[in-house]
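The following briefing sets out selected features of the model shown below.

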Amino acid sequence: MHKIYFLALLFIAVSGRLQEAGATAGKTVPEADLNKGANVVVRSEETYFTVNSAGSGTKRIKATIKILNSNGEHEARLYVPYDKLTKVDFIKGTTYDMLGKKIKTIKKSDIKDVSAISDISLFDDNRVKVVDLTHSAFPYTVEYEYQYTTSNMLVGYPRWVPQDQTKLSVESAMFQVTMPKGMKLRYLESNLEKKVTKESTATHDVYTWRVQNLAPLADPEPYGPSALERLRSVRTAPADFEVQGYAGNMETWEDFGHWINKLNAGRDVLPEATRQQMQALVANAQSPEEKVQKVYEFLQSKTRYINVSLGIGGWQPFEAGYVDAKGYGDCKGLSNYTKALLSAVGVESYYTLINAGRNMPAMIQDFPSSQFNHAILCVPMPQDTIWLECTDQTEASGYAGSWTGDRHALLITPEGGKVVKTPTYGAADNLQKRSILVKLDEKGNGLANVTTLYTGTQHESIKDVIYKAKPEEQRKWLYDQIGLPAFEINNFSLDIKKSKLPEVTEKLDLSVAKCVTISGKRLFLTPNLMNKWGHVPNSVEDRKSEVVSNWSFLDVDTVLYQLPPGYALESKPQNIEFKSEFGEYKAQTIVDGLQVTYIRTLQMEKGRFAPDKYPALIEFMNSLIKADKQQVVFVKNVP
Amino acid sequence: MRTHMFTKLYSVFFLCIFYGLPVAVAQEEAAKFGKVSEAELRMKSYEKDTSAAAVVLSDFGYSYFTTNGTLKLMFERHTRIKILKKSGYDWANVELPYYRRNADKEVITSIKGFTYNLENGKITKDKLESKAVFDEKINENLSQKKFTLPNVKEGSVIEFSYTVTSDFIYTLNSWEFQTTIPTMWSEYRARIPEYFDYKFLQNGYHNFYTTKKDAAASANAELRNEAYVWAMKDVPALQEEKYITTLKDYQARLDFELQLLKVPGEFPKVMTGNWDEVIKKLMEEERFGTQLKRSGFFKNEIAAIKAKHTSPQAQVEAIYELVKSAVKWNGKQSIYTTSTTRKAFDNRTGNSADVNMLLTAMLLEADIDASPVLLSTRRNGRVTKGSPLITQFNYVIAYVKVDEKEYLLDATDPMLPAGMLPYRCLNGDGYLINRTSHRWVPLKPTGNYTTFCMGELAIDAKGEIKGKISESNTGYSALSLRESIKEEGKEKFAEKRNKEIGDMKYGEPTITNLEELDKALNLVYEITGSGNGQANDLLYLNPMLNKGEKENPFKLAERMYPVDFGYPYDETFMCKIAIPEGYEVDETPKSIAVSLPNNGGKFTYIVERRDAEIQVMSKINISKPLYFAEEYPYLKEFYNQIVAKHAEQIVLKKKYE
């Protein structure tokens, strides 16, 4: 399992209420329509961010929010996160009923202070102050104001998203950043009607953004792009910044990399014994690749993932010596440690920052800023680059997959940061190749021998089962996964071959009850035994957003049936073949006496398409469902 | 072998309460801290469960009391775990929660920990550093100590020990003999002063290896103690299954409830004692019994209801509807009101006790025979009937008796019709209490999960299907459907159902009786199926119209725990198919009837031909909410038969005259 470490998301959440957000930026409307389709109306919200120095900033939010019904109640609860580097200065809050009568004003004792250690951490310093301003009779209005001061200016610069969820309208919202004269503010505006206004005083530069009368966002559309890219937002970032005495500049990726180098400097010293151990380990290695392989295996046997991040520790790795002594660390610590191990055997590698996870938003390359949640290691080789995931004790060396593959990352080199692309896995890399032999008896029950090869992203979930689950649990998992109506697993085996493109071979020996349906004189056979497409998204009238398909795989199924004696063919499906921008499908059924051979190929391709392609996507998937349901019919031979 | 034993043991509920303990001699004993054997380090797998990722070698707990000025409850624990695989590494991450309430608190001290490895034949030892023990304040009352042991690898043995000093002298925490990895030895000792009269409750399906009770020699002359020992050997791992209440119900565990406090020179104080005492106390409780007497704030509402409805039955229903609309359940479960029912009424929101104590109080005000019923929800686990343990209940509902008819009412769900309990409450028995009497009452489902689906369709020569489906839902089926319609909104729900899947197209349903809770919830919609575009000599059609059971819900070969559905199922599907002009029936599926043993359920599938029409009926009836593990194979085969039958097709052929 992979683990991530940065908690920058928590800070984004402060700037607004980052929930499931809609797909399209809402329309601006006359004031009267703000209640329509809304649970919450933001009457006014003012976000002030004042940069005190390169190493300190103060954020203040003042808001008046009307809660229309119980579905909007979450907006009357305030969560103000903080940590060792961030101090909450004050929180005030008042609730008014529908007539404007004051119901309650929070006292100090109403502010609950709770731990917010993330699930992946053993320990960190994240805490949240929670204030409940809810009332039971709707509508009501809450008014609050809070302020915090942070000395973590790596992530302290806010992202402003005035409308971050559906069923929320905004009467007026404002975002203002105040910079001391001479300090530069960098910002990136998205989907805004009105750009920044900039004013200057003798001592400060003031940047202001405003939005007004925003109707609730439309519901997200299926197969749409990530909500974040469609919302109105302003990202901000520093030029010069400082965290705990580590000063840097973020204007270029190169400079950002220099800052990381500063943070990591001197933390890669290994105990002499370990250095020697590494040199002995690779003494007989024939190639640099083999050295990397050996060192990676050593890492996987010696260490495990434990995240403890306090203060700057959220961004700075544990020292290599510490990881060596304790046998654990987080992604930063383990990547830095592996870098040191490789360096001991003369292999150069680069600490790399990345935004890990499935289908993550793309890195905004032209806005250098803290956009990462994970660290991995990049080992350039004469032939090909090897990517190492150092938090996983079972991963194959060099495989990035859906976790860190096919995206941009920041390589930290001695010359500073460099943006690189991790390996892309195409449809043919993500293979599921299955062949089945089914012997049918006269009752229609079948014995099926199934051999399936999974590679690339298609091997990932089964890989976890191989390493995490006991044989008994693996059997349970298989029972859950196999989509046959009624069957028993007589035998199974799962074998994994670790390589740059890992492979799993799954062998199943199944008894399938009523594999074909025999009623009266007929035998009905649906030749697609184990890989029927079943999913189709809802239709959408007047599709607005682009169609994003993340499917990228190749499935090849070959099924051979041996029928019981005494039957003759009555009807057989036509061979089917179709193709669209989303993928390509072929199915062929060959009947030779009592032997039926079925061959199906489905290749899906990732892509982004115009909104009007959506009906074609639905049609494609419905064609898959139809084609996969086709049947062959046999009748009993008349004696 | 292990599985076999499980099937046997888990097939019956086994829960016993005991006071006197038989004396047995312990042949094993708990590990001594720091003395790890080479054999433990050489161990490659656990022979009784060779696939275990880690195994608890020894878990030892000891509770006793000290009197240094004030009485304190001490708890010492020492745990040793063998890590067998990488997937067992998480067992080296330890969390120790501790509490405080007002001035009373628990304090954890003397945390020690070591990791042992065998390196080149030598035992190496890594110490847990005290600065690596973190203290997390989760909230005002709850904190925890967290640490991870260093240098953990496949084959490591880890151990840790700690001491808890507690001011909560009346709360002896449960001891868990079983966890999600196997446990070779688990031993709990308690030295309990004679002042404390505890009841011991054993839960789960695993027997004690040792139990012992002695009058213990005490270091302190003032304090005479009873010394108890409970131990289990070779406890298998606890495993999750589908269709269960909560895994907690199946865990080998010992719970404690303080019954009597006998401080010298004072009258014995009943701590939980007998039901009479317990109920009396509860009825005097400010946040329970007292709330039943508070009626001033709703006198007008009740008077209005009494004026409008004359029959007590109608009055009950009106009051029930009033509470459902007046107070919204906040999702919290408790037998105690948040503050007062009046406040809940004014704020229009409250926990399960606020809602249902208010309901009971209103019913009483209307002179209806009503009482609160305490219960434990399915997630909270099974109740013990032998002794009056109030802490095991987490929910309260109302009981009413009208014209000799008894009902249980829960006003937390606006979609619930009067007399029906939500799924969460269907958990054995509840305890009915009022000032004069108290008794157990069964928390039975009053309805089934009932669906009735009727399709009428025509097929033409091209294989095109056109027709209409009417779905009628009652009981738990109506409840769950009403809840999802409410959550999604009626329009959205209907819109989503308007969908094309493969060659079938489903129209937008007309929904009726959404608000009429006592009536069936109906959905009516059009259905069309595309044919192959040409006239066919033969037409094949599955009459279940995609509504059949496609996969057996019971796939696994064996079952450890009972299958607990909560309520019975009743699913009927009927379909009339008009035969197109010029075609005749060539074949239809055969009618069958399959039954589960002991009237446990029945599946009927009937095909009838009538002139130009075929009528198919499928009826699945699961008549019990609970099936024991022995019955599992039958249940599985039952569904196999259903799935097979539902796959069968009708064949029509062109007439040649």
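Helix 11 (residues 632–646) of chain B has 15 residues, which at 1.5 Å a residue should span 21 Å, and its end C-alpha atoms are 21 Å apart, in agreement. The expected span is 1.5 Å times one less than the number of residues. Helices (H or I, at least four residues) and strands (E, at least two) are DSSP runs numbered from the N terminus. This is a predicted model, in which local features need pLDDT of at least 70 and side-chain atom pairs count only at pLDDT 80 or more, while totals for chains, interfaces and linings use all residues. Residues are numbered from 1 along each chain as its sequence is written, and chains are lettered from A and ligands numbered from 1 in the order in which they are written.

**Helix 11 of chain B**
- Its buried residues (20 or more other C-beta atoms within 10 Å of their own, C-beta atoms being placed from the backbone) include Tyr632(B), Leu635(B), Phe638(B) and Ile642(B).
- These buried residues pack against strands of chain B, among them strand 34 (592–596) and strand 35 (601–610).

**Strand 19 of chain B**
- Six of the seven residues of strand 19 (residues 369–375) are buried, so the strand is largely enclosed by the rest of the structure.
- Seven bridges join strand 19 to the antiparallel strand 20 (residues 395–402) of chain B (pairing requires at least two DSSP bridges), with Ala370(B) partnered by Val400(B).
- Strand 19 also pairs in the antiparallel sense with strand 22 (residues 429–433) of chain B over two bridges, where Val373(B) stands opposite Leu432(B).

**Interface of chains A and B**
- 46 residues of chain A are in contact with 43 residues of chain B (C-beta atoms within 7 Å).
- Helix 9 (residues 471–481) of chain A supplies the largest share of chain A's side, four residues.

Terms used:
A residue is buried if 20 or more other C-beta atoms lie within 10 Å of its own, exposed if 12 or fewer, and partly exposed in between; C-beta atoms are placed from the backbone. Two residues are in contact if their C-beta atoms, placed from the backbone, lie within 7 Å.
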